[in-house]
Amino acid sequence: MRTTGLRVAPRSWGAYRSVMAALRDAEPGALVSIHPGTYTENVTLDRDVVLVAEKGPGTVRIVGTRGASLTVHGGSGTVRDLVIESSGGEPAVVVTAGAPVFESCEIIGGPVQVTGTAAPAFRGCAIHHCGDVALHLAGDSTATVEATEIADVESAGIFVDHGAAPVLRGVTVTRTGGHGIRVTGTARGTFDRCEVTHTGAAAVAVDAAAVPVLRDCRIRDSAGAGVVITGGAGAGPGVGAPAPSGADGGDASAGSATGVALYGCDIARTAKDGVHVTEEAVASLTGCRITESGATGVVAGGTARLRMDEVTVTDTADTGLAAGGASRADVRRSTFTRLGTNGVFAAETARVSIVGCTLSNAAYSAVHAGGSCRVELRDCAVTGTPEHGLRCTGEALLTVRDTTVEETGLSGIDVEGGDLSVRGCRITRAGTGISLTTEHRPLIVDCEVGDTTGAGLDIGAETAVLVTDSRITRTGTAGVFVREHASAWIFDCSITDTQGTGLVVQERADPQVRAVTIARTGKNGVFVADRAAGRFEYCDISATGFPALHIGSGATPVLRGCLIHDTDSALGRADDAAGVFESCRVEDVKGGPLPEGADGPGTGAVSARPGVPVPGPGTHPQARAAGTSAAPGEGPETLGDVLAELEALIGLDGVKQDVSTLVKVMQMVRQRTDAGLAAPPLSRHLVFAGNAGTGKTTIARLYGRILAAVGLLSRGHLVEADRGALVGEYVGHTAPKTTAAFRRALGGVLFIDEAYALIPDGQGNDFGREAVATLVKLMEDHRDDVVVIVAGYPDEMERFVDVNPGLASRFTRTLLFEDYSDQELTRIVERQARDHEYVLPEETREALFGHFESIVRDDRFGNGRTARQTFQRMTENHAKRVVEIVAPETEDLVTLLPEDLPGVSG
């Protein structure tokens, strides 16, 4: 064998006639120089030699006769400047092992196939006109492809499957009949600075369990989508790639890529979606730009999870981001602009989080939430849409924090059927600031609405809303509309500089308004329409164009502690208007005083509407919230009534004593408040510790009514919840679910039974911890508006409270519910019998007492529940016995005998 300097030249003396002849004699390290020409042969390379075209690129052509034109079975040889051509559809190059290097080669007529554990490198090559696939990377191969052009392929330009993990840099793929790049199986791979253009299907397709990473790639002019990610791509355990240099690593949800990752990619002029992620796929886009897509910019469907960080989506024919199915999209610091329809559209049960983003110039609403989806916006800017800025429909929940909405043709925020929580937001230059029509109870806190052509806040018919600490100014019509049968709680707000009336209350509406400033209105300060109602406490009304207050025919508002000043007229009202004025004052008013006889010059009281109490000093701001007013002709429930009902309960002596003590403390707090003194610290939240059936729910319901009677809660109603009502089924589902339950309890009591189930013992990552954290935060935000009672077995409740410092600081008092004695259980059955018109003779009572004595009091013992079940079984056995009597008398029908006890009659 010759070690170096081998030459292939068929017509030259001393040279080899074929490439294979030279290779058979070449030792490792040999250089085989090939004279220009076409060599019709199949070449096999299995050693470390160099094959090079003697006169440079394009001068030597190797054409296979049958099978692959060039096969590499091993070694680290080099092939340089050759044209390798296949005929008859066979592969042009097959690499099964080794680490060969192909430099400046042209490969045509058949694909390049890399299998096994091969690790070839292709540098500066051209692969084209290769049939179905140009470059097929399979097995566990780790090919490196650099500065290579792939073109004119019938189907896929690059096909990566099985467990291949190639690295491609500066590769161009163009004019393919199918995908430019397809990655499937469990393949991985990195694509840096690659360009994929003019493809017949999606430019890049990823499916199965593949997890590629694309960096700084350009994707252009595809006949399908830009990137399609389906199946379980990116969803395997431990998948993902580290964020590139400069990415924000401080945010766990956006700083590192998850699943299939695209960094700095530019996707443009796609016939369909820019990026489509569906089924169970997981993907992240960081620093990408998606523009001029023929459909939607980015789509998330199925149960896919998508993260977007610093992404720009612009000039799309359809929506910027669409999320459906049960997908989740986490979008941060991104821009959506010049969209053909919506900026973001979410439907079904999708969850979308949008943080620090800009949404502008959408043809439809900038954000549309429908179905039962959950959408959260935080620190965002929404501007420039002819429709709504943010729209919520169906059963969707829209949560908005610290966001600006401006320049919208219709409403800044529009809710039609869905639910809304908005805090710290600014809505300006809109048609209507916020429009609400829903069966839910939206929450608006610390918001500013201004420069609207219509109303600042429009509360639709039969809608209820809580508005606090907000400012409405410079509206084209009314500041606030409360429409027919609507309920609104408006506290600590201002309504100023309106071209219409400050606050309009339409027919049958009943708002609760406290500490609201209304000034500089074009019409009335407050307009209470015919047959409307409402409660207005400590409001300040001034500088109105019409009378500060108008009361329509049959209207029955209640005003307490209000001040009307610096205006021409205080009151205009219909002849049959009714209302209550208590401690109201007028100052510097030219005419139209309040009725005579009350505080201040020209003020007084008119008749109260039937059935509506006028609260004394110290009444809570939310007094008489919706659904708690007394029935017509009846007075409000008194504290004595509720305490009498408590005392009538059987057993629970220790609990009754504890509640009585709490009542005295509350009454003292009320008295100090009325006297202008500071209230002592009072924690109204309680722990109820006791076994099943010991009356915890009953006492919780009475406790709420007691607080309402004392004036420390507005409604006193009870909302029951458990783990299922508070804890979500997937990441991000828990907080909105807990918030929704909490908000239903505002003004009353949230009773969480078996609360210890929120934090199962020994399960550190359970979603219940998120529910507890959310609950603690809400308790602090609404400490005067709600009471939370957590209940369960004594030992479990002690563990539960100790788990979270926030719980321990808020639940400082525990009421212990003892098991019922046998005598008390007997009395419960006696009361049940009396209420249902049955008679218990003495012998039955004695047998009943013996029955309870015999019951084993283990974990299945139900206390009061056991007593009620016993009575039910007795009535069933009684019915079986009496039905056999031919002509039963009244005594037979009402008398329960010892044989009717469970286990006695058979």
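Ile434, Ile444, Cys447, Val449, Leu457, Val467, Ser470 and Ile472 line the second largest cavity of this predicted model. On a 1 Å grid over the protein atoms alone, a cavity is a set of points where a 1.4 Å probe fits but cannot get out, and lining residues have an atom within 4 Å of a point. The volume of this second largest cavity is about 40 Å³. A volume is the space filled by probe spheres set on the points, with grid points joined across faces, edges and corners. The lining comprises 7 nonpolar residues, 1 polar residue and no charged residue. Here Ala, Val, Leu, Ile, Met, Phe, Trp, Tyr, Cys and Pro are nonpolar, Asp, Glu, Lys and Arg are charged, and the others, Gly among them, are polar. The count of cavities of 30 Å³ or more comes to 4.

Residues are numbered from 1 along each chain as its sequence is written, and side-chain values use heavy atoms, with hydrogens and water left out. The model is predicted, and local features need pLDDT of at least 70, side-chain atom pairs count only at pLDDT 80 or more, and totals for chains, interfaces and linings use all residues.

Val467, from the cavity lining, is also a contact of Ile490. Ile490 belongs to strand 57 (residues 487-491). Strands (E, at least two residues) and helices (H or I, at least four) are DSSP runs numbered from the N terminus. Ile490 has a relative accessible area of 4% and is buried. Buried means under 20% relative accessible area, exposed over 50%, and partly exposed in between (1.4 Å probe, protein chains only). Beyond its neighbours within four places in sequence, Ile490 is in contact with Val467, Val480, Leu503, Gln512, Val513, Arg514 and Val516. Contact means heavy atoms within 4.5 Å.

Asp492 lies in the loop between strand 57 and strand 58 (494-498). Asp492 is not a glycine, yet has a positive phi of about 55°. Its relative accessibility is 44%, which makes it partly exposed. Arg338, in strand 39 (residues 335-339), also has a positive phi of about 55° without being a glycine. Arg338 is partly exposed, at 42% relative accessible area.

The largest pocket has a volume of about 770 Å³. A pocket is an open set of grid points with protein on both sides within 12 Å along at least five of seven lines. Its lining holds 30 residues, and Glu376, Thr399, Ala735, Pro736 and Glu770 lie nearest the centre. Two or more lining residues come from each of strand 38 (328-332), strand 41 (351-355), strand 44 (374-378), strand 47 (397-401), strand 49 (419-423), helix 6 (734-744) and helix 7 (768-781). By class, the lining divides into 10 nonpolar, 7 polar and 13 charged residues.

Strand 41 is largely enclosed by the rest of the structure, because 5 of its 5 residues are buried. Arg351, Ser353 and Val355 point one way from the strand, and Val352 and Ile354 point the other way. In a regular strand the side chains alternate between the two faces of the sheet. Strand 41 pairs with strand 38 in the parallel sense over 5 bridges. Two strands pair if DSSP finds at least two bridges between them. Strand 41 also runs parallel to strand 44, joined to it by 5 bridges. Arg351 stands opposite Arg328 and opposite Arg374 in strand 44.

Strand 61 (residues 517-521) and strand 64 (residues 540-544) pair in the parallel sense over 4 bridges. Ser542 in strand 64 is the bridge partner of Ala519. Strand 64 pairs with strand 67 (residues 563-569), again in parallel, over 3 bridges. Leu563 in strand 67 is the bridge partner of Asp540.

Gly768 is in helix 7. Gly768 is buried, at 0% relative accessibility. Apart from neighbours within four places in sequence, Gly768 is in contact with Arg723, Val727 and Leu758. Gly768 and Thr453 are 45 Å apart, C-alpha to C-alpha, and 315 residues apart in sequence.

In helix 2 (residues 639-647), Leu639, Val642 and Leu646 are buried. Seen down the helix axis, the buried residues of helix 2 fall within an arc of 70°, so they line one face. The arc is that of the directions from the helix axis to the C-beta atoms. These buried residues pack against helix 3 (653-674) and helix 4 (696-710).
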